[in-house]
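This report looks at charged pairs and at nonpolar cores. Please have the sequence and the model in view while reading.

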Amino acid sequence: MTAARRGVSVRLASLPERRQEQLQDAGLAVALAAVNVVSVLPYRAQLHPLWLALLLLAGQALPLIWRRSATVGTGFVIGAARVGYDKIGFGYAPLPLGPAIAVYTVFERRGPVLRAVTFVLVVVGVTISLASPGHSEPYEAIFQGLIFATAMAAGVLSRAKRASLHAAQSRAERAEAELDHEAARAAAAERARIARELHDVVAHHVSLMAVQAEAAASLLPGQPAQARQSVDIISNTARQALTELRRLLGVLRGPAERPATSPAASLTDLGAVLAKVREAGLPVDYEVTGTPAELSPGIELTAFRIVQEALTNTLRHADAVQARVTVAYEPGYVTLSVADSGPRRPEPPARSGSGFGLAGIAERVASCGGSLTVGPSTAAGFALSARLPVR
């Protein structure tokens with residue numbers, strides 16, 4: 001028996017919501033009609049004709065099958081059956097549960113106009129019923145008034161609760177949509193940040209390797225020792241590039257994987273970058289002015305990447321004789337300047353690549369709230385100056 005009931009419950013739960021409501025209303029209507037009929041059977045001798053009394057009793061309950069789909073019509077039919085039963089004077093009437101449920105449904109599902117009309121009809125119907133034969137007891141008016149007042153109040157409360165739940169659901173959906181939007185924006189910003197980091201790492205190290213490869217090719221076969229030194233530099237640069245790529249891409253691993261971490265690059269690491277650039281054949285002067293200030297980690301990384309990218313552009317495009325890097329500290333700000341002295345040949349080589357270098361620098365400066373100045377310098381060279389807040 002338990003397994004059978006469980007199977008019925010599962011089948012009912014799988015039905016559409018509208019179908020479940022119809023079955024629930026049908027069960028309620030049939031059960032209430034049976035209660036109405038059974039409750040008057042002991043007094044059947046007083047009910048003439050019996051068939052009409054039973055028909056009106058069933059009519060006070062069976063229309064509840066359609067109480068959700070035809071609320072007004074259902075209430076009118078049930079109310080008419082109840083008033084007709086009392087007006088005929090059958091002598092014994094069961095509790096008006098069917099009419100009370102119909103009134104509850106109207107107050108729960110319909111607007112203020114229909115609720116007001118229903119209230120007036122209830123008052124008129126109860127008055128007619130109480131004026132009929134067999135309803136002379138004063139407590140009947142109080143009893144029926146309490147029943148219908150309770151039904152109306154329950155309908156209003158249920159309507160308010162449903163509206164509150166709907167509003168809460170709408171707020172939750174809006175909040176979820178906003179969270180999804182913010183998550184998408186954060187993911188886009190993170191992708192852009194990773195793209196900038198990848199560009200800086202790859203462009204810098206690959207440019208150094210390309211310069212050293214060209215140098216090695218020009219030195220072979222006449223100067224094998226110098227060519228070997230260039231090849232060693234290429235090897236070391238490639239290993240450093242792989243290390244930085246592993247550190248950067250570690251953030252893209254799944255949560256089950258624990259990525260290896262290392263301190264973010266900062267201005268204190270510029271020495272290694274300058275040494276690589278000098279080994280690639282570009283002399284670089286480095287100067288620090290002012291009192292060094294403690295920079296926030298984000299500003300430190302941005303400053304390092306700006307200098308790295310500027311020197312990479314100089315190596316790739318300028319064919320410069322010499323470069324100069326200046327880090328100037330002032331209250332609240334740090335200014336990074338990278339300038340070259342101009343090309344070795346009268347006409348510099350044609351630029352190559354997609355031009356993401358300066359665009360990436362501009363994005364980094366803007367993200368920190370700084371300012372960027374780029375353009376020609378003296379002696380046909382090129383200069384870049386970025387002013388960043390220390391915090």
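## A charged network

Glu21 counts as buried, at 17% relative accessibility, because the limit for buried is under 20%. The model is a predicted one. The partner of Glu21 in a salt bridge is Arg18, and their closest N and O atoms are 3.4 Å apart. Arg18 is partly exposed, its relative accessible area being 36%. Both Arg18 and Glu21 belong to helix H2, which covers residues 17-40. They sit three residues apart, about one turn of the helix.

A salt bridge also joins Asp25 and Arg67, with 3.1 Å between the closest N and O atoms. This pair links distant parts of the chain, 42 residues apart. Asp25 is in helix H2, while Arg67 is in the loop between helix H3 (50-59) and helix H4 (71-88). Asp25 is buried, with a relative accessible area of 3%, and Arg67 counts as buried at 10%. Salt bridges link Arg18, Glu21, Asp25, Arg67 and Arg68 in a network.

## A bridge between two strands

The structure holds ten salt bridges. One of them is formed by the side chains of Glu330 and Arg387, at 3.2 Å from N to O. Glu330 lies in strand E2 and Arg387 in strand E5, so the bridge ties together parts that are 57 residues apart in sequence. Glu330 counts as partly exposed at 33% relative accessibility. Arg387 is partly exposed too, with a relative accessible area of 32%.

## The largest nonpolar core

In soluble globular proteins, nonpolar side chains tend to be buried together. Which residues of the largest nonpolar core touch the most other members? They are Leu267, Val284, Ile306, Leu311, Leu336 and Leu388, out of 34 residues in this core. At least two residues of the core come from each of these elements: helix H9 (270-279), helix H10 (297-318), strand E2 (323-330), strand E3 (333-340), helix H11 (356-367) and strand E5 (382-389). H10 supplies the largest share, nine residues.

Ile306 shows what such contacts look like in detail. Leaving out residues up to four places away in sequence, Ile306 touches Leu336, Ile361, Val365, Leu384, Ala386 and Leu388.

## A second core

A separate, second core has nine residues. Among them are Ala100, Val103, Ile147 and Met152.

How values were computed
Residues are numbered from 1 along each chain as its sequence is written. This is a predicted model: local features need pLDDT of at least 70, side-chain atom pairs count only at pLDDT 80 or more; totals for chains, interfaces and linings use all residues. Side-chain values use heavy atoms; hydrogens and water are left out. A nonpolar core is a set of buried Ala, Val, Leu, Ile, Met, Phe, Trp, Tyr and Cys residues joined through side-chain atoms within 4.5 Å. Buried means under 20% relative accessible area, exposed over 50%, partly exposed in between (1.4 Å probe, protein chains only). Helices (H or I, at least four residues) and strands (E, at least two) are DSSP runs, numbered from the N terminus. Contact means heavy atoms within 4.5 Å. A salt bridge is a side-chain nitrogen of Lys or Arg within 4 Å of a carboxyl oxygen of Asp or Glu.
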